Amino acid sequence: MKLTFEAEDAIAGIVCGLLLLGLTGRFFSLKLNDWVYVIAFIALIIFIFLDVINEFSDLSTHFGLIMLAMLHNIVDLVISLAFISHFTKWDIPYITQYLVPYLQSEPVIAGVGIFLVVSNFLWLVTIPFWY
């Protein structure tokens with residue numbers, strides 16, 4: 001149950017990571033309105049849920065790969081919720097209390113951006129080998 005193709009969640013994750021890297025100005029500068037980041041992470045959450053549904057609807061691949069994909073989706077979901085809470089100042093239980101304080105540091109935001117870009121790029125590159 002994907003919208004168009006298999007890797008749309010990985011592409012959305014790469015875009016969100018690049019937005020975060022631009023926000024920090026580490027490699028390039030791209031400071032946008034906070035709502036642009038919120039919309040990007042909401043889109044990533046939608047793609048994550050579609051990916052989870054897709055994973056459970058097609059259990060023909062290796063069980064370890066499915067579990068690794070689920071773990072990656074959970075990490076991406078928590079990161080997305082943390083940044084949504086950070087940019088909107090909405091209180092999300094546990095996320096706002098424990099994770100948002102870390103997002104006050106530019107090196108942490110840059111690290112999360114690098115994680116999103118690299119991890120989703122690896123998923124994107126390995127798609128042909130899944131089947």
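Which residues make the nonpolar surface patch of about 920 Å²? The patch is made by L18, F27, F28, L30, L32, V36, I114, V118, F121, L122 and V125. Patches are made of residues with over 30% relative accessible area and no salt bridge, with like charges joined within 9 Å and nonpolar side chains (Val, Leu, Ile, Met, Phe, Trp, Tyr) within 5 Å. A salt bridge here is a side-chain nitrogen of Lys or Arg within 4 Å of a carboxyl oxygen of Asp or Glu. Accessible areas come from the Shrake-Rupley method with a 1.4 Å probe, and for residues only the protein chains shown count as cover.

This is a predicted model, in which local features need pLDDT of at least 70 and side-chain atom pairs count only at pLDDT 80 or more, while totals for chains, interfaces and linings use all residues. Residues are numbered from 1 along each chain as its sequence is written, and side-chain values use heavy atoms, with hydrogens and water left out.

**The surface patch and helix 5**

Helix 5 (residues 106–126) gives the most to the nonpolar patch, namely five residues. Helices (H or I, at least four residues) and strands (E, at least two) are DSSP runs, numbered from the N terminus. V125 belongs to the patch and is placed in helix 5. With a relative accessible area of 40%, V125 is partly exposed. The classes are buried (under 20% relative accessible area), exposed (over 50%) and partly exposed (in between), with a 1.4 Å probe and protein chains only.

**The nonpolar core**

The largest nonpolar core has 25 residues, and those with the most contacts inside it are L20, F41, F83 and L116. Such a core is a set of buried Ala, Val, Leu, Ile, Met, Phe, Trp, Tyr and Cys residues joined through side-chain atoms within 4.5 Å. Helix 1, helix 2, helix 3 and helix 5 each supply at least two residues of this core. Helix 2 gives the most to the core, with nine residues.

F41 touches C16, L20, I79, S80, F83, I84 and L116, not counting residues up to four places away in sequence. Contact means heavy atoms within 4.5 Å.

**Aromatic pairs**

Rings of Phe, Tyr and Trp (its six-membered ring) pair if their centres lie within 6.5 Å; planes under 30 degrees apart count as stacked, over 60 as edge-to-face and the rest as tilted. By this rule the count comes to five aromatic pairs. The ring centres of F41 and F83 are 5.3 Å apart and their planes meet at 10°, so this pair is stacked. The pair links distant parts of the chain, with F41 in helix 2 (residues 34–57) and F83 in helix 3 (residues 63–88), 42 residues apart. Both F41 and F83 are buried.

F83 also forms a stacked pair with F87, at 6.0 Å centre to centre and 25° between the planes. F83 and F87 both lie in helix 3, four residues apart, about one turn of the helix. Both of these residues are buried. Ring pairs link Y37, F41, F83 and F87 into a cluster.

**Individual positions**

The table sets out the accessibility of selected residues.

| Residue | Relative accessible area | Class |
|---|---|---|
| D76 | 2% | buried |
| L23 | 16% | buried |
| G64 | 33% | partly exposed |
| G25 | 37% | partly exposed |
| Y94 | 61% | exposed |
| K89 | 67% | exposed |

D76 lies in helix 3. Leaving aside neighbours within four places in sequence, D76 is in contact with I48, F115, L116 and N120. L23 is found in helix 1 (residues 8–24). With the same exclusion of neighbours within four places, the contacts of L23 are L30, K31, Y37 and F87.

Sequence separation and spatial distance can be read together for several positions. L23 and G64 are 41 residues apart in sequence and 35 Å apart in space, C-alpha to C-alpha. G64, placed in helix 3, is also 41 residues from S105 in sequence and 34 Å from S105 in space, C-alpha to C-alpha. G25 is in the loop between helix 1 and helix 2. Between G25 and G111 there are 86 residues of sequence separation and 12 Å in space, C-alpha to C-alpha.

K89 lies in the loop between helix 3 and helix 4 (95–99), and its phi is near 65°, a positive value in a residue other than glycine. Y94 is found in the loop between helix 3 and helix 4. Phi of Y94 is near 70°, again a positive value in a residue other than glycine.
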